[in-house]
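Thanks for coming. Please have a look at it first.

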Amino acid sequence: MQDAQHPFHTLTPNFIMDAVESQGYRCDCRTSALNSYENRVYQVGIEEEKPLIAKFYRPGRWNDDQIVEEHRFTLELAEHELSVVPPLLNSSGESLFHYHGFRFALYPRQGGHAPEFDNDQNLLILGRMLGRIHNIGAVRPFQHRPSLDSRDFGHDSVALIGERFIPQEYRESYQAVTSQLLQVVDEAFASVPQVRYIRAHGDCHAGNILWRDDAPHFVDFDDARMAPAVQDLWMMLSGDRPRQLAQLAQLIKGYEEFCDFDPAELRLVEALRSLRMLHYSAWLARRWDDPAFPTAFPWFNTVRYWGEHILQLREQLSALEEPPLELP
């Protein structure tokens, strides 16, 4: 049963403005919710200043050290003049604030639109930017944030769905295809034993890159983890194999102007895609008690959804059996 008194129910406009004003700002009574489900994000008008973005963290997901570590990473990138959007600091140098049981951060508003991944020049620029980000990300590891691995994203996700969500008529099929899929994923990771894990954005899809003034601005490092460099590259690839090879060539051309890329990591592309698919379903399942999720994703947890999901997993298993992408 959905809980109408989910913690985010507390986030009324008055509560949001009171939280922002607790950091010394004066709100002009304009608040608007932005498209975010894992956390809650709002644009808040500020008297005689530009609006701010207020991000309220989902209770229980990250601890304070993990959130601050993400903030410090983006601030480090900004200090190197990279186009990221770090949180604002108060007079004490703090970026994570607490208000009546919630943790929140404030950001400057950044305009822009999604990048065109079919534009070769854009891909070259994006590759350069990621090369610079990863060059800094490789300097030191995260101490508190976890790594992207098949246990967390794959095995644990499958266990959750298999125990609580998969309809009985699909249980056997789901267990069979996920067992095969995870075996191949684990074999793919084992085939690249020297893969280097670095501090990475972790979720480089088009919605987290704002294009403006012929430059990309990377936002929302909320999923930052230790991960292979290719994790921040593969989501920019689309289309058939020849098109993906052409896109990859442009990305890596720009990337290697600032950071070396290990082509062996290309063997992980479809494995990482598989983990994302498994994790996405488990993410929806874990958040199903949040009233915003049944409203936004009404198709989830229907018999039709699980049938289509199993079909997609079978197709992904076939993709894993194809030769990996290669650099020219």
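H100 is exposed, with a relative accessible area of 64%. On that scale, exposed means over 50% relative accessible area, buried means under 20%, and partly exposed lies in between, with a 1.4 Å probe and protein chains only. H100 sits in the loop between strand 4 (97–99) and strand 5. Its phi is positive, about 45°, although H100 is not a glycine. Most residues other than glycine have a negative phi.

There is a second case. N301 is not a glycine either, and its phi is near 65°. N301 falls in the loop between helix 8 (292–296) and helix 9. N301 counts as partly exposed, at 31% relative accessibility.

A word on the ground rules. This is a predicted model, numbered from 1 along each chain as its sequence is written. Local features need pLDDT of at least 70 and side-chain atom pairs count only at pLDDT 80 or more, while totals for chains, interfaces and linings use all residues; side-chain values use heavy atoms, with hydrogens and water left out.

Now the whole protein. The secondary structure comes to nine helices and nine strands. Those are DSSP runs numbered from the N terminus: helices are H or I with at least four residues, strands are E with at least two. The radius of gyration is 21 Å, close to the 20 Å that the globule rule gives for 328 residues, so the protein is as compact as a globular protein of that length. That radius is taken over C-alpha atoms, and the rule is 2.2 Å times the number of residues to the power 0.38. The C-alpha trace spans about 55 × 50 × 35 Å along its principal axes. Of the 328 residues, 50% are buried. Take the contacts with a separation of 6 or more: 72% of them join residues 24 or more positions apart. Contact here means heavy atoms within 4.5 Å.

On to the largest pocket. Its volume is about 1500 Å³. Lining residues have an atom within 4 Å of a point. Grid points are joined across faces, edges and corners, and the volume is the space filled by probe spheres set on them.

Helix 7 gives the most to this lining, with nine residues. By residue type, the lining divides into 22 nonpolar, eleven polar and 15 charged. Charged covers Asp, Glu, Lys and Arg; nonpolar covers Ala, Val, Leu, Ile, Met, Phe, Trp, Tyr, Cys and Pro; the others, Gly among them, are polar.

Next, the annotations. An unreviewed UniProt entry places "active site" at D203 and D220. Such annotations may be inferred rather than shown by experiment.

Buried or exposed, where does D203 fall? D203 is buried, at 11% relative accessible area. D203 lies in the loop between strand 6 (197–200) and strand 7 (209–212). Leaving out residues up to four places away in sequence, D203 touches N208, D223, D232, M235 and R276.

D220 is partly exposed, at 38%. Its loop runs between strand 8 (215–218) and strand 9 (225–228). Beyond four places in sequence, D220 contacts K55, H201 and N208.

The "binding site" feature, also from an unreviewed UniProt entry, is placed at N208 and D220. N208 is buried, at 6%. N208 is in the loop between strand 6 and strand 7. Among its contacts beyond four places in sequence are D203 and D220.

Last, the second largest pocket. About 410 Å³ of space lies there. Of its 20 lining residues, E270, A319, E322, P323 and P324 are the closest to the centre. Helix 7 gives the most here, with four residues. The lining holds ten nonpolar, three polar and seven charged residues.

Conventions: On a 1 Å grid over the protein atoms alone, a cavity is a set of points where a 1.4 Å probe fits but cannot get out, and a pocket is an open set with protein on both sides within 12 Å along at least five of seven lines; lining residues have an atom within 4 Å of a point.
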